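Thanks for coming. I have one model to show today, and I will keep it short.

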Amino acid sequence: MRSFLLLCLSLYIVSAKHEIYDGYVVYEVYPNNVDEIQLLNDVVNELELDVWTYANLVKPGAIFVSEPKKVPFENAMKSAGIPCKATIQNIRELLELEDQQLAAATTSTRNLGSRLSLNQIYTFAQVTEYLADIARRFPRVTRLVNGGNSVQGRPIQYLEISTTGIQNSRKPIIMLQSLLHAREWVTLPPSLYAIHKLVVDVTESDLLNNYDWIVMPVANPDGYEWSRTNARFWRKNRRTGLMAGNICLGVDLNRNFNVNWGTASSSSVCSDTFHGRGAHSEPETQAVVNVLNRYRGRVAMYIDLHSAGSMILYGWGNGTLVPNALSLNLGGTRMAQAIDAVKWAQKPNYRVGNIVAILRYTASGGSSDFAQAIGIPFSYTYELPARLSSTGTNVFLVDPNFIRQAAIETWAGIVAGARHILNQI
């Protein structure tokens with residue numbers, strides 16, 4: 001009887017957690033030209049809507065719209081002559097399904113030698129325990145570093161992985177990070193898998209011989225935990241005090257870096273792309289910046305993992321091409337080809353290009369742009385594939401069956417990139 005009551009209680013808590021999304025709808029939007037794309041982006045900014053994927057001339061956009069904003073959004077699209085349709089009418093049902101699927105996968109877990117499986121999404125506490133365990137078990141090649149504390153005091157940790165104690169100044173570094181945007185859960189397993197392949201199951205020894213590595217699996221710990229416990233689609237960090245009564249809070253960390261800061265982002269606290277009160281205002285941003293500055297001149301490649309869309313992007317976010325765009329494009333193409341060679345057939349091939357050329361919108365204050373600006377020659381943003389289903393593209397929801405595949409194919413891309421750029425730096 002007690003077990004039955006606990007089960008009922010847990011199901012109630014899970015269901016209640018998603019009540020905030022009652023009435024939300026996902027619209028697919030089909031602009032026909034560049035002018036309509038700009039009109040759509042203007043409406044999104046005016047109504048402060050949550051963009052899951054930006055529309056371009058190749059694919060529709062996916063816009064997450066709350067109940068009070070559905071009519072204004074539909075009217076705006078009708079007035080602009082932009083076709084749209086609601087593809088997900090009840091997102092709460094899909095959230096509850098994700099909970100059930102992830103819970104079922106967790107109960108059937110068989111741990112790897114790294115003590116992490118690749119069929120579930122781990123909590124921040126579990127990731128912290130894993131990093132500590134790796135550092136404890138492999139002290140000759142790993143060092144666990146606390147890069148600072150988040151707004152709410154959680155450690156922002158990363159592993160330094162090196163056969164030479166990361167002291168050889170002539171040895172280039174590759175930095176990998178994930179979960180700068182809290183809700184992009186599928187980016188976590190590739191970071192953990194990279195650690196596994198560099199430390200536990202080393203099948204590409206040349207990557208350790210030729211490079212040192214820095215891996216930061218949870219760049220936004222507060223936002224990540226909030227997305228797990230309270231609001232699944234939370235994107236920002238958990239900065240408070242930005243508005244009276246904390247009606248809206250949080251800073252988009254990928255608009256907070258000091259590169260064209262504030263020029264193509266939002267000054268509204270309530271926006272999901274709010275850039276903060278100033279460049280590098282957030283401790284999470286500062287943690288990334290400090291690592292990059294500490295090893296400035298040695299970091300050869302920087303990869304910031306995001307979702308979704310099957311893309312490898314490079315700067316600048318204002319649409320101007322970086323001076324070494326040709327080299328970046330070639331390196332990105334090598335990575336995309338390696339991923340496409342092992343990806344699931346139903347997933348789209350990766351596209352490679354400048355952020356604006358691919359996404360058709362501008363963005364400022366991004367981490368990969370900042371890395372490029374301080375002299376890191378190969379700086380990329382990965383956009384991992386979205387979940388596909390009969391209801392449309394469920395951009396941030398995680399399919400437990402895809403977790404391992406996401407890790408494997410992303411690692412294939414990283415390996416190809418590392419090997420390609422060795423002769424370019």
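I will go through the salt bridges and then one hairpin. This is a predicted model, in which local features need pLDDT of at least 70, side-chain atom pairs count only at pLDDT 80 or more, and totals for chains, interfaces and linings use all residues. Residues are numbered from 1 along each chain as its sequence is written, and side-chain values use heavy atoms, with hydrogens and water left out.

A salt bridge here is a side-chain nitrogen of Lys or Arg within 4 Å of a carboxyl oxygen of Asp or Glu. By that rule there are 18 salt bridges.

Take Asp-50 and Arg-183, whose side chains meet at 2.7 Å, N to O. Asp-50 is in strand β2 and Arg-183 in the loop between β7 and α6, 133 residues apart. Helices (H or I, at least four residues) and strands (E, at least two) are DSSP runs, numbered from the N terminus. Both Asp-50 and Arg-183 are buried, where buried means under 20% relative accessible area with a 1.4 Å probe, protein chains only.

Next, Glu-98 forms a salt bridge with Arg-232, with the closest N and O atoms 2.9 Å apart. This pair links helix α4, which holds Glu-98, to the loop between α8 and α9, which holds Arg-232. Glu-98 counts as buried because its relative accessibility is 2%.

Now the hairpin. Strands β5 and β6 run antiparallel and are joined by six bridges; two strands pair if DSSP finds at least two bridges between them. Arg-143 stands opposite Glu-160 in β6. Five residues lie between the strands, and Gly-153 takes a positive phi near 95°.

Methods
Buried means under 20% relative accessible area, exposed over 50%, partly exposed in between (1.4 Å probe, protein chains only).
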